[in-house]
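Subject: Structure handover

Hello,

Here is the structure I said I would pass on. Please open it before reading the rest of this message.

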Amino acid sequence: QPSVAIVGRQNVGKSTLLNRLTGRRQAITEDLPGTTRDRLYIPMNHAGRDFELVDTGGMEPLPQDTIARSVNDQVRSAMKAASVVVFLVDAKAGLTPQDHEIADEVRKSGKPVVLAVNKADNARLSLHAAEFHSLGFGEPMPVSAFHGRGVEDLLDRVVELLPEPEAVAK
Ligand code: GDP
C-alpha cells in the first residue's frame, strides 16, 4: 500500500490538515504535550486510488533544546516510509529558515513532493503562496486545513504522484 507523509515545521497545521483529510475531529491536535503515540497509518481512498496517510502527530518531542533536531529526525523517518511527501508551509508565517532546512531533507529523500501552503484561508492569503516558489518544488498549492479550501486539488495531485499499482499477474 503506498503511503503519504505530511511534513513541515511545527505549527504549520499538519495535524489540522491530517484531520481534515481523514475526516477526524480536531481533538487529535489537543494531545497532551509529551504524550507518545505510535505512528499511525490511516487508510484513504481518493479518485479510486487506495493509499495510507502517515500520522506522526504523536511523535513530537518535548524538551525545548532538542526540538529542532528531533523535528528533522521525525521528518526523515516519516519520509523514509512514504511514497509521496506533502511538504506543508504556512502562508501566514511566510517562508522561515526552518522551512529551508526541511526543504533540504525533503530534497534529499528524492521522493515525489507536493508543496502545500496552508492557512490560505482566503484569496488574499492565497497570494502568499507564490513566495514559496523559491523552495524549488514547483507550483505551491494553497490550502486551508481550516476551511477545506484547495484540499480536493491537493488530494488530486497526491494521487497523480502515487506509484502505479502493480500490474495484475496473468
Ligand atoms: P502542527 O504543529 O503542524 O501539527 O500544527 P497544528 O495542526 O497543531 O496547527 C497549528 C495552529 O495553526 C493551530 O492553532 C491551528 O488551529 C492553526 N491552523 C491550522 N490550519 C489552519 C488553517 O488552515 N488556517 C488557519 N488560519 N489556521 C490554521
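Below is what was found in it, from the whole chain down to single residues.

Please keep in mind that this is a predicted model.

The chain as a whole

The protein chain has five helices and six strands. Read from the N terminus, their order is β-α-β-β-α-β-α-β-α-β-α. The chain has 170 residues, and 45% of them count as buried. Its accessible surface is about 9100 Å², with 52% of that belonging to carbon and sulfur atoms. Taking contacts between residues at least 6 apart in sequence, 69% join residues at least 24 apart.

The nonpolar cores

The largest nonpolar core has 24 residues. Val 4, Ile 6, Leu 17, Leu 21, Phe 51, Leu 53 and Leu 154 have the most contacts inside it. Two or more residues of this core come from each of these elements: strand S1 (3–7), H1, strand S2 (40–46), strand S3 (49–55), S4, strand S5 (113–118) and helix H5 (151–161). H5 gives the most, with five residues.

To see one of these residues in its setting, select Ile 6. Not counting residues up to four places away in sequence, Ile 6 touches Lys 14, Leu 17, Leu 18, Leu 21, Leu 53, Val 86 and Leu 88. Another core, of 21 residues, lies apart from the largest one. Val 75, Phe 87, Ala 91 and Phe 132 are among its members.

The ligand

Which residues come nearest to the ligand? Of the 15 residues around it, they are Asn 11, Lys 14, Ser 15, Thr 16 and Asp 121. Sorted by class, the shell around the ligand holds three nonpolar, seven polar and five charged residues. Helix H1 (residues 14–22) gives the most to this shell, with three residues.

A polar backbone atom of Gly 13 is 3.0 Å from an oxygen atom of the ligand, and one of Val 12 is 3.4 Å from an oxygen atom of the ligand. For Phe 146, a backbone N or O atom lies 3.0 Å from a ligand oxygen atom. Taken alone, the ligand exposes 590 Å², and the protein buries 80% of that.

Two loop residues

Thr 96 sits in the loop between strand S4 (84–90) and helix H3 (97–109). Is Thr 96 buried or exposed? Thr 96 counts as buried because its relative accessibility is 16%, and the cut-off for buried is under 20%. The side chain of Thr 96 is joined to that of Arg 9 by a polar contact of 3.4 Å.

Ala 129 is placed in the loop between helix H4 (123–126) and strand S6 (141–142). Its relative accessibility is 5%, so Ala 129 also counts as buried. Leaving aside neighbours within four places in sequence, Ala 129 is in contact with Val 117, Pro 140 and Pro 142. Ala 129 and Val 143 are 14 residues apart along the chain, and their C-alpha atoms are separated by 9.3 Å.

Regards

Note on methods:
Residues numbered from 1 in each chain as written. Predicted model: local features only at pLDDT ≥ 70, side-chain atom pairs only at ≥ 80, totals over all residues. Heavy atoms only, no water. Helix = DSSP H or I, 4+ residues; strand = E, 2+ residues; numbered from the N terminus. Buried < 20%, exposed > 50% of the residue type's maximum accessible area, 1.4 Å probe, protein only. Polar contact = N/O pair within 3.5 Å; in protein donor to acceptor, adjacent residues only side chain to side chain. Near = heavy atom within 4 Å. Areas by Shrake-Rupley, 256 points an atom, 1.4 Å probe, with all protein chains shown as cover. Nonpolar A, V, L, I, M, F, W, Y, C, P; charged D, E, K, R; others polar. Core = buried A, V, L, I, M, F, W, Y, C linked by side-chain atoms within 4.5 Å. Contact = heavy atoms within 4.5 Å.
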